[in-house]
Amino acid sequence: MKKELSGGCGIAILGFALICILGGIAAVLQSRTEGDAADVALGFLVFVAMLLPFIYWGYALLYKSQHPGEPVKLTKNVKRYGGGALLALGLLAAWAAITGNNAEVTPKPINEIAQEPNEPKDSVVITEVMEGDPYQELDELIGLESVKEEVHTLANFAKIQQQRKAQGLKVPKMSFHLVFTGSPGTGKTTVARIVARIYKDLGILKSGHTVETDRSGLVAEYVGQTATKTNAVIDSALNGVLFIDEAYALVPENAGSDYGQEAISTLLKRMEDDRDKLVVIIAGYPNEMKRFIDSNPGLQSRFTRYINFPDYTDKELFDIFQLYLNKNQYTITDDAAELLKSNLNYVVANKTKNFGNARYVRNIFERAVEQQANRLSAKRSISDEELSQLTREDIENAFKLRK
């Protein structure tokens with residue numbers, strides 16, 4: 001019975017080691033196709049080295065079950081095949097690392113890129129304070145009249161309260177934290193940056209920079225790590241504005257136990273501890289943000305001021321396109337402009353919840369510029385006017401790529 005138990009344990013340990021090695025081989029081969037095989041291959045070799053004591057242990061148990069009372073020794077076949085296997089694994093890792101660096105990742109067709117509604121972004125982006133008048137920049141934004149009025153009202157109120165405080169008068173307790181609600185591409189991030197600079201101008205914040213993040217920048221993968229990750233992001237936002245986009249993702253619907261709650265608890269504590277040097281602006285769709293705020297009494301008490309960002313009209317989207325033209329030294333023909341207006345009118349009339357607003361227009365502009373390049377690339381001599389002009393054909397093909 002003892003002999004059978006020893007042999008069974010040895011086989012189980014060796015089998016487990018074999019499964020781990022096969023999994024490692026698969027990971028090395030997969031990483032080679034993705035162009036990052038060097039690090040994975042090195043990790044694989046270290047992993048195999050760590051498995052060697054377990055392999056020997058399994059072999060020793062199996063050997064003792066077949067040779068009771070004898071000291072464990074490596075047979076000729078084990079030395080031959082075991083050494084060969086280790087050499088093969090080493091060669092595999094070296095081959096993957098060398099050839100993986102030259103592996104080409106097949107790019108997506110441009111029409112697939114055009115259909116992606118969400119843009120990849122860094123999980124944490126720090127925007128330093130820019131020069132210029134933030135009030136003027138706010139007023140020069142296209143559309144968003146109700147938003148401008150709300151921000152000016154907030155700024156005027158804060159200014160007067162600062163003056164009352166300076167003269168020794170009582171100042172009612174007020175929160176400078178904000179909730180921005182609206183669809184993607186309606187200027188929430190841009191206005192958050194402007195608000196941070198206005199707060200600096202008013203003396204509410206010392207720096208006025210903006211730290212932009214979302215759930216991925218605050219929530220870690222393992223228990224106990226989220227608080228550390230969230231605190232690090234908050235530390236970088238002190239004396240400025242912490243802007244959390246799609247904040248409702250911290251409390252997923254029907255998620256039960258979720259690490260997002262740990263991020264919220266950490267955030268609420270820091271908002272209290274650092275209330276004189278931290279302003280938080282959270283943003284997202286209106287209904288989702290209401291559900292998010294209602295999920296926690298602490299959120300309800302700290303976020304009491306809401307600013308809604310309406311979708312752009314087709315005329316405002318056309319004006320945004322014109323802005324891109326002017327900033328990048330392009331012009332547009334009359335018939336192309338008419339087609340653009342017509343298509344934007346149709347898009348706005350048939351938009352979905354995920355419509356990108358200004359982001360959609362920016363993508364159309366970028367596609368139109370690419371189509372102009374395709375059209376002109378076959379020409380030998382190109383005038384300055386042609387280099388700067390977008391035609392009806394460019395606009396038409398740009399919208400085809402968006403379908």
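Trainee: At what angle do helix α9 and helix α10 pack, and how many Å apart are their axes?

Mentor: In this predicted model, helix α9 (residues 226-237) and helix α10 (residues 260-273) pack at an angle of about 40°, and their axes are 9 Å apart. That angle makes α9 oblique to α10, and α9 passes α10 in a right-handed crossing.

Trainee: Which residues in α9 and α10 meet there?

Mentor: On the α9 side the residues are T226, A227, T230, N231, I234 and D235, and they meet E262, A263, T266, L267 and R270 in α10.

Trainee: What about L218, buried or exposed?

Mentor: L218, which is found in helix α8 (residues 215-218), counts as buried at 3% relative accessibility, since the cut-off for buried is under 20% relative accessible area. Leaving aside neighbours within four places in sequence, L218 is in contact with T213, T226, K229, T230, V233, I244, L250 and A263. Among these partners, T226 and T230 are also α9 residues that meet α10, and A263 is one of the α10 residues that meet α9.

Trainee: And how far apart are L218 and L267, in sequence and in space?

Mentor: L218 and L267 are 49 residues apart in sequence, while their C-alpha atoms are 9.5 Å apart in space.

Trainee: Let me step back to the whole chain, how many helices and strands does it have?

Mentor: The protein chain has 17 helices and 8 strands. Of its 403 residues, 39% count as buried, and the accessible surface comes to about 23,000 Å², of which 55% belongs to carbon and sulfur atoms.

Trainee: What share of the contacts is between residues 24 or more positions apart?

Mentor: Such pairs account for 76% of the contacts in the protein chain, where the contacts considered are those with a separation of 6 or more.

Trainee: Which residues in the largest nonpolar core touch the most other members?

Mentor: That core has 55 residues, and the ones touching the most other members are F180, Y199, I281, F321, I332, L340 and I395. Its largest share, 8 residues, comes from helix α7 (residues 188-202). Apart from this core lies another, of 28 residues, among them L238, L242, I264 and M271.

Trainee: What is F180 in contact with, neighbours within four places aside?

Mentor: F180 is in contact with K188, V191, A192, V195, F243, I281, I282, A283, G284, I307 and F309.

Trainee: How do α13 and α15 cross?

Mentor: The axes of α13 and helix α15 (residues 358-376) come within 9 Å and cross at roughly 45°, so the two helices are oblique to each other. Their crossing is right-handed. In α13 the residues L317, I320, F321, Y324 and L325 meet A358, V361, R362, I364 and F365 in α15, and F321 is one of the residues that touch the most other members of the largest nonpolar core.

Trainee: Changing topic to backbone angles, what is phi of N239, and where is that residue?

Mentor: Phi of N239 is near 70°, a positive value in a residue other than glycine, and N239 is placed in the loop between α9 and β4 (240-244). With a relative accessible area of 24%, N239 is partly exposed.

Trainee: And what about Q329, what is its phi?

Mentor: Q329 has a positive phi of about 60° although it is not a glycine. Q329 is placed in the loop between α13 (314-327) and β7 (331-332), and a relative accessible area of 67% makes Q329 exposed.

Trainee: Last one, where is N287, and is it buried or exposed?

Mentor: N287 is in helix α11 (residues 286-294) and counts as exposed at 65% relative accessibility. The C-alpha atoms of N287 and Y248 are separated by 9.5 Å, with the two residues 39 apart along the chain.

Methods:
Residues numbered from 1 in each chain as written. Predicted model: local features only at pLDDT ≥ 70, side-chain atom pairs only at ≥ 80, totals over all residues. Heavy atoms only, no water. Helix = DSSP H or I, 4+ residues; strand = E, 2+ residues; numbered from the N terminus. Buried < 20%, exposed > 50% of the residue type's maximum accessible area, 1.4 Å probe, protein only. Contact = heavy atoms within 4.5 Å. Areas by Shrake-Rupley, 256 points an atom, 1.4 Å probe, with all protein chains shown as cover. Core = buried A, V, L, I, M, F, W, Y, C linked by side-chain atoms within 4.5 Å. Axes fitted to C-alpha atoms, helices over the stretch in contact; angles between N-to-C directions. Parallel < 35°, antiparallel > 145°, perpendicular 65-115°, else oblique. Left-handed = near helix turned anticlockwise from the far one by under 90°.
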